[in-house]
Amino acid sequence: MIPIQHFLVLSSILFSLGIYGVLARRSAVLILMSVELMLQAVSINFIAFAVYLAPEEFTGLIFAIFVITVAAAEVGLALAIVLRIYRNKATANVDEVDIMKW
Amino acid sequence: MNLDWSLLAPEYVLAGWAAMLVSVDLFWGRLRKDWLGYLAAAGALASTLTSLIWLNDDTNFANLIEVNNYTTFFRVFFGLIGVFACVASARFVKDRLLHPGEYYALILLTVIGGSYMAAARELLTAYISLELLSFSLYVLTSYAKFDLRSNEGGLKYMLLGAFSSAIFLFGMSLIYGVTRTTQFEGIHEVLTGDTSGFELTLFLGLVLIIAGLGFKVAAVPFHMWTPDAYEGAPLPVTALISAISKAGGFALFLKLFAMAFLPLVDDWRLFLAGLSAATMLLGNLVAIQQHNIKRLLAYSSIGQVGYLLMGIAALSADNADAASALVLHLAGYVISNLAAFVCAIIYFNWTEKDEIADYDGLAERAPFLALALSISLFSLAGMPLFAGFVTKFILFQAAVEEDLLWLASIAVFTSFVSLYYYLVVVKHMYLGEPEEPTRFPTPWVEYAALAVLLIGVFLVGLGPQPLFNAVQDSTAFIFTGAEAAATVGAGP
Amino acid sequence: MGMDDAWLLPAVPAAAFAALLLFGKYLPRKGDWLAIGAIAASFALFIPVLADLLDEVGREGFAGVVSGTDWVEFDTFNLRLGFMVDQLAIVMLAVVTFVSTLIEIYSVGYMKGDPRYGWFFTAMTLFVTAMITLVLADNLLLLYVAWEGVGFCSYLLIGFWHERRSAAEAAKKAFITTRIGDVGLLIGIILLWREAGTFSIREIIEFAQDGGYSAEYLTTAVLFVFAGAVGKSAQFPLHVWLPDAMEGPTPVSALIHAATMVVAGVYLVARMMPLFVVADPVALDVVTAIGLTTVMLSATMAIVATDIKRVVAYSTMNSLGLMMVALGAHSVTAALFYLFVHGFFKALLFMGAGSVIHGTERQEVWELGGLARKMPLTALAFAVGTLAMIGIFPFSGFWAKDEIVNVAADELAWIVVAFLVFSIFLTAVYMTRLYLLVFTGRPRDDHAHEHAHEAPPVMSLPVLVLAALAVIAGFWAFDQVGRALGFPGGIGEFVFLDEAQEFAFPVVAAISSSLAAVGGMAFAYALWFGEAEQARQLGERFRPLYKLWKNRYYFDDAYQWAINNLVLVGGNVIAWFDRNVVNDTGVDGSAGLAVFSGFQMKFSQTGRLPNYALAIVMGVIILAIVFLAVRV
Amino acid sequence: MDWAVFATIAVPAGTAGLLMAIPSRHRDVVRYVALMSGSSLFILSLIIFGKYQFDDGGYAFELQLDWLGNVAFLGEKGITYHLAVDGIAAPLVLLTGIVIFAGVFMSWNIEYRNKDFFILLFLMVGGVYGVFESVDLFFLFFFYELAVLPMYLLIAVWGSSTDFGTFVRTKEYGAMKLVLYLVAGSVLIFIAIFATFVEAGQGSFDLPVLGSVTYGENFQKTFFPFFMLGFGVLAGLWPFHTWSPDGHVAAPTAVSMLHAGVLMKLGAFGILRVGMSLFPEGAAFWAPVLMTLGVTGALYGAISAMAQRDLKYMVGYSSVSHMGYVLMGLATMNEIGINGAVLQMFAHGVMTALMFAMVGAIYDQAHARDMTIFGGLSRNMPRHASYWAVAGLSSLGLPGLAGFVAEFHIFVGTFQADYIWAGALGILAAAITATYILRMLAFAFFGPFNERWASLKEMRIGEQFGGAVLIFFIAFMGMWPMPFVDRIAATVSRLPGIT
């Protein structure tokens with residue numbers, strides 16, 4: 001059996017990649033995708049923990065399912081907002097969306 | 001496992017009402033124009049009243065959702081916030097926004113989210129409620145869809161919210177990995193034992209959770225979204241965010257840390273204290289520089305978060321004092337802040353302006369409004385007669401009880417700083433020259449709502465005993481096991 | 001009615017003052033009768049008190065009678081409204097009540113037609129109240145209260161014609177200058193209290209005589225007390241106010257700045273003499289030195305002064321200095337004797353001068369002249385006063401001055417005596433000069449001369465009474481005269497604190513002082529009689545000296561310079577410091593710091609989403625690092 | 001009569017409420033309501049002062065209502081609405097009554113939104129009474145802040161700016177500085193209150209309860225300065241005094257009167273009632289510092305006043321100077337000195353109120369306050385000039401007027417406490433006071449009449465009456481201080497740590 005650490009390392013890498021994406025990307029859509037990456041890392045974590053540490057309970061698995069669901073809703077919601085921005089401003093670059101500051 | 005679905009009745013009312021509002025909006029055009037807001041308010045009120053059925057009860061639904069005084073308190077609290085948000089929105093929405101049905105439905109959904117954040121007794125429920133609250137707010141923030149500011153605020157709020165909830169979730173997953181449970185009480189039990197083997201994971205998880213919740217309540221440095229979202233959002237939504245998002249965040253924050261993480265209190269106390277100090281300093285100092293009333297209130301609310309965080313930093317295993325003080329101040333703050341926002345909304349309805357300089361001469365044109373805004377701002381600043389004085393006093397004292405005198409000192413200092421920028425607003429209202437000398441028409445309903453809030457401000461300010469008793473009754477429930485027993489009837 | 005009822009003496013004028021203050025306006029003649037009546041009543045009351053004292057005074061160990069009531073008291077702290085009647089007080093009281101009665105009567109004529117006629121009498125009544133209280137006070141606190149009270153009345157009355165800038169300034173100057181002395185007095189009083197725990201003069205003296213104070217402490221304390229006397233009695237270096245005080249109406253000058261208030265300093269030192277005796281001898285040396293300096297300064301300045309009242313004022317300073325010298329020789333008797341007669345002849349001189357001013361509306365001596373024909377009564381009275389002041393046998397001043405020279409010769413260095421005799425010469429010079437210039441020779445201002453007229457009877461009668469007294473009062477020096485009047489003896493027998501002093505009459509002293517006096521008169525006659533051409537030439541020859549005297553040794557200039565360049569500039573510097581450093585830098589600066597830090601911090605809110613996310617990540621990282629660093 | 005103390009707070013609060021109900025166009029009704037209320041406060045204050053039994057110096061007129069208790073860290077009597085008056089508070093209560101009574105007369109002419117003015121004024125007065133009468137630390141502080149808060153609007157709306165060309169201070173600046181400064185001071189008080197409550201561990205903010213605890217020496221030494229500086233700010237403690245001249249100058253007449261006359265006393269009262277009563281050892285430790293600052297303030301204020309041209313600035317700096325005496329008196333830590341301090345609070349209160357009233361009376365007519373441009377005003381305004389003179393003479397410590405009694409006690413106390421240098425400097429400062437007072441009189445009221453001011457008339461009859469009331473008390477205390485001394489001494493002798 002693969003040790004749990006492998007899953008955790010994988011999820012950590014994914015999570016970090018997600019963070020990197022959020023910080024480095026300028027397109028709202030890419031940022032959103034990076035966030036999704038982070039959420040997937042969370043799901044992996046939950047599933048790994050659930051399977052390895054508490055196999056008799058489903059909490060972790062259910063958690064993962066909910067995370068996926070929420071993530072899906074999040075994408076829908078976020079894209080709608082990005083769309084509005086794009087409609088009004090013809091850009092999805094977050095650096096250009098800075099009317100409000102200071 | 002208790003599967004008594006009736007325990008969720010207030011939320012059923014809300015959800016049902018939300019659905020009804022959407023349909024009414026679709027099918028009954030005439031009503032939607034003028035009365036929809038008040039109808040929504042009635043729904044929130046109905047749910048509030050319903051929730052009183054479980055007053056002094058102590059039960060739970062499927063080990064997921066607790067129904068006890070803590071829940072009831074926040075159900076009532078959020079329900080009332082919903083009522084005021086709806087009433088305050090009525091005119092604004094009618095004049096400026098499309099799709100009022102969905103708007104009010106979303107408000108009611110935030111109430112559900114908030115209530116369950118307080119009611120949750122395990123991580124998943126908490127997370128889902130938090131997202132319910134957040135999602136509704138994301139939508140509401142960008143509700144003025146042709147307004148760039150609204151779009152921008154929504155985008156920032158949404159993306160950062162998603163980002164931070166990912167962080168929050170990752171933290172939860174680590175905690176779950178360490179404790180193998182998502183139940184708060186279970187976590188508490190595990191943490192009470194020996195944790196030496198997995199400290200790294202545990203604390204990393206804790207840090208991530210603090211970050212996630214910190215984002216929700218807008219603690220420095222996770223606060224960045226606040227000013228922009230506040231400024232961008234339609235005014236009533238700003239009011240709603242400032243009230244319910246913060247209160248919900250703290251309801252969960254408090255419950256999580258009191259119920260689950262209390263055994264580690266010595267480890268996280270100083271970190272929260274540090275966050276608290278940074279938050280109140282930054283919030284209050286930057287607020288001095290603001291020219292927009294919404295941004296001003298945003299920063300001032302960041303400052304208030306600093307004070308509230310003191311309450312968590314001062315949590316102790318011996319008694320519920322700090323928790324009670326936190327909730328008390330939360331109530332005082334929300335009432336005052338709502339009153340301030342209602343004033344801003346009324347003014348915006350008249351003039352479509354929200355720069356502080358636009359408030360010049362308001363005392364001439366609308367004396368009551370100027371008075372009401374002054375009172376709410378002074379209450380926020382913690383001046384006597386008004387709610388803020390008592391609640392801050394109790395909160396700070398609670399922090400000092402836990403040897404956080406230095407933190408309380410910073411808090412007192414920053415709340416002194418805050419008086420300055422509130423006074424600037426007052427100065428504009430009372431000393432500025434109005435553009436034109438005419439009086440504004442009197443908006444009776446809004447004024448009535450404002451009057452109720454002001455009465456609340458005075459009630460808390462002059463006779464806090466009932467509220468404090470209620471708060472104390474509710475916070476007694478968030479301490480598990482041995483501590484819970486110790487807290488009942490606490491006091492020296 | 002006796003010594004226990006001494007409180008009535010100040011109480012009667014006090015009541016009259018209250019009535020005048022509140023209702024004076026509505027009374028007929030603005031209430032001058034009430035003022036005069038009250039003061040006359042005080043004098044009338046003084047007589048039974050005196051009689052009572054004379055009954056008691058022979059008794060063994062008699063040291064005065066104390067009466068009164070507590071004013072403020074708690075625990076051991078006690079402030080009394082206490083009155084003490086003893087010989088010292090009686091002598092002073094005699095002068096105060098009698099002279100003030102006469103002067104009030106005189107004022108009816110002098111002040112006639114003044115728009116603030118009523119106010120004049122009101123203030124004078126207050127003055128008399130305070131002065132009597134000062135004399136009778138049995139404790140230092142009450143004495144200080146009255147001391148300030150007379151100073152305040154002096155302020156009011158010098159500035160009586162306050163529409164004149166000079167009067168307003170003079171009043172201010174007088175009050176502030178004396179107040180500087182009072183700082184010392186109050187410090188001295190509290191220092192005395194601090195060890196003795198009481199303000200009672202008698203108890204303090206007993207405490208001191210029992211060795212309760214260390215010598216240095218007591219010396220310091222009495223010197224502080226003496227500072228008050230220096231201010232009040234216009235001694236060097238706080239003498240500058242007295243000449244300017246002549247801006248007040250002449251009756252005021254006569255009463256306050258000649259007969260009564262200014263001698264309060266002398267009275268104070270006389271009262272405290274037992275302390276000076278116990279204290280280090282330095283204390284009395286200081287008194288002597290200051291008195292002598294004042295004598296010499298005033299005598300020289302008087303020679304060149306041209307304002308009739310100022311000359312008399314310098315002569316007052318001269319007399320006060322003499323009394324201080326007498327006290328320096330610790331002879332209370334000599335000082336008191338001089339004080340007693342001085343009260344009469346100096347008031348006389350002032351009232352005479354007042355009559356001249358009243359008659360001519362001039363006070364520059366160079367605008368007067370030849371008035372003896374127009375105002376014979378005044379001229380006569382003035383002549384008597386002048387002779388008394390110079391000290392010509394047998395006028396009262398002769399006896400008193402002689403006594404001082406006498407004790408000085410006994411107690412003090414020969415140089416002091418030499419200076420005293422020289423000062424007698426100078427006195428004779430300037431007094432004679434004054435008389436000559438005013439009453440003899442050719443009228444210098446015809447207009448004034450034509451209009452000159454003798455004073456009305458209400459003014460001249462008091463003058464004549466005083467003139468008579470100025471002639472005869474000195475005879476009280478003789479035991480026989482004293483006994484004939486019902487006293488135990490002469491004034492030396494009557495006024496004693498340590499032991500009775502015999503009146504001595506050493507011929508050497510009398511002759512030398514008389515020679516000096518006569519010589520001075522002759523000198524003055526030679527210089528100033530007629531057109532005073534010689535005097536002018538002399539002035540030209542000794543121009544530097546003349547200028548020095550004329551400019552009053554530049555004291556006023558120096559003080560003015562100090563006020564302008566030190567005090568006011570200091571005030572401006574402090575005020576500037578307060579506004580710009582304490583306030584604008586300290587207060588606004590720290591407020592500005594908060595605002596500025598807010599200004600800096602607000603730029604962290606860049607408006608760009610990735611930065612916000614970065615902040616969150618950094619927050620997490622920092623928290624994590626610190627958490628782990630601390631914990632793991 | 002136990003209701004009397006309660007009534008002093010209820011009456012202003014009720015007045016504020018009643019005034020709100022009156023339509024603002026009825027200006028005269030507003031005035032008369034204010035007058036009624038002012039008079040009743042005056043009478044109530046007289047009753048409280050008169051009826052206070054000073055035998056043992058304890059609390060009288062005690063009233064204790066439960067307010068907040070049995071919650072969290074608060075015990076049964078956690079925070080109680082506990083009012084009482086002792087011998088220190090009684091004269092100050094009287095002072096408040098006098099000043100507000102006179103203040104109403106001085107505010108008679110306000111036309112611009114006079115209703116709002118009086119509402120705020122009475123709120124402030126309620127706060128002031130509350131501080132003097134609260135025996136609960138929470139409420140003491142509650143009222144303390146309450147008294148400060150209305151100042152902002154009172155000054156900023158109804159005040160006046162100063163403009164000397166090179167030196168400009170707007171009323172907004174003065175108002176903002178005053179309020180912020182005072183609240184800044186209360187930051188320190190706040191902190192000390194928190195610490196004290198925890199240290200006492202009694203679960204109560206009641207002062208007698210807190211006072212029954214003996215605090216550790218180090219604790220006292222640490223936290224006494226918080227009270228000293230915090231309250232000291234309001235008492236014009238040097239160098240934290242600069243709010244005072246600027247704020248007082250900007251404020252309208254009645255507000256300056258109340259503020260300089262009464263509110264500054266809150267600070268000194270707070271040091272005494274809270275700081276020195278709870279922390280006698282701390283007070284003893286810090287007394288030399290307080291003494292030094294007090295003397296510095298006394299001298300510095302006097303010297304600064306000497307350099308002022310603006311009448312109101314002069315009075316403002318003189319307040320700093322006189323409050324310096326109060327602090328000196330407190331720092332003596334002996335009965336005589338502290339009696340003197342309380343006496344001085346009263347004396348200075350009445351006197352400075354009179355001075356500000358007189359500045360206001362002349363400013364109303366002339367719209368100028370620069371003493372150097374006046375001259376010979378006593379010709380047209382003899383009574384006004386004489387009121388000025390009385391106030392000035394009292395402030396320079398002329399016997400027979402209130403200032404002397406108080407200052408004398410303070411000086412004696414200072415010498416007794418072996419601060420001879422301080423006492424001497426204090427006496428010197430009194431002489432400097434004479435300088436600037438007489439300088440002002442000479443500039444403005446004496447000398448040749450300046451025809452530019454020919455149109456000035458005597459004060460209004462109301463102003464004369466209000467001034468006369470103040471003068472009455474100046475003279476009363478100056479001549480017969482025993483009623484005050486009796487009450488004060490009885491209570492002061494009960495204070496801990498007093499020699």
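In this predicted model, the centres of domain 1 and domain 2 of chain B, taken over C-alpha atoms, are separated by 21 Å. The domain assignment places residues 1–119 of chain B in domain 1 and residues 120–490 in domain 2. Where these two parts of the chain meet, domain 1 of chain B contributes 37 residues to the contact and domain 2 of chain B contributes 46 residues.

The side of domain 1 of chain B that touches domain 2 of chain B can be traced to particular elements. Those giving two or more residues to this side are β2 (65–67), α4 (69–96) and α5 (100–119) of chain B. Of these, α4(B) gives the most, with 17 residues. By class, this side of domain 1 of chain B has 24 nonpolar, eight polar and five charged residues.

Within chain B, helix α13 also deserves attention. Helix α13(B) runs over residues 293–313, and its 21 residues reach 30 Å from the first C-alpha to the last. That span is close to the 30 Å expected at 1.5 Å a residue.

The description now passes from contacts inside a chain to contacts between chains. Chain B meets chain A through a contact that takes 31 residues from chain B and 36 residues from chain A. On the side of chain B that touches chain A, at least two residues each are supplied by α6 (123–141), α7 (148–179) and α10 (225–232) of chain B. Helix α7(B) gives the most to this side, namely 17 residues. The side of chain B that touches chain A comprises, by class, 16 nonpolar, eight polar and seven charged residues.

How values were computed:
Residues are numbered from 1 along each chain as its sequence is written. Chains are lettered from A and ligands numbered from 1 in the order in which they are written. This is a predicted model: local features need pLDDT of at least 70, side-chain atom pairs count only at pLDDT 80 or more; totals for chains, interfaces and linings use all residues. Domain bounds come from an automatic or database domain assignment. Two residues are in contact if their C-beta atoms, placed from the backbone, lie within 7 Å. Helices (H or I, at least four residues) and strands (E, at least two) are DSSP runs, numbered from the N terminus. Ala, Val, Leu, Ile, Met, Phe, Trp, Tyr, Cys and Pro count as nonpolar, Asp, Glu, Lys and Arg as charged, and the others, Gly among them, as polar. The expected span of a helix is 1.5 Å times one less than its number of residues.
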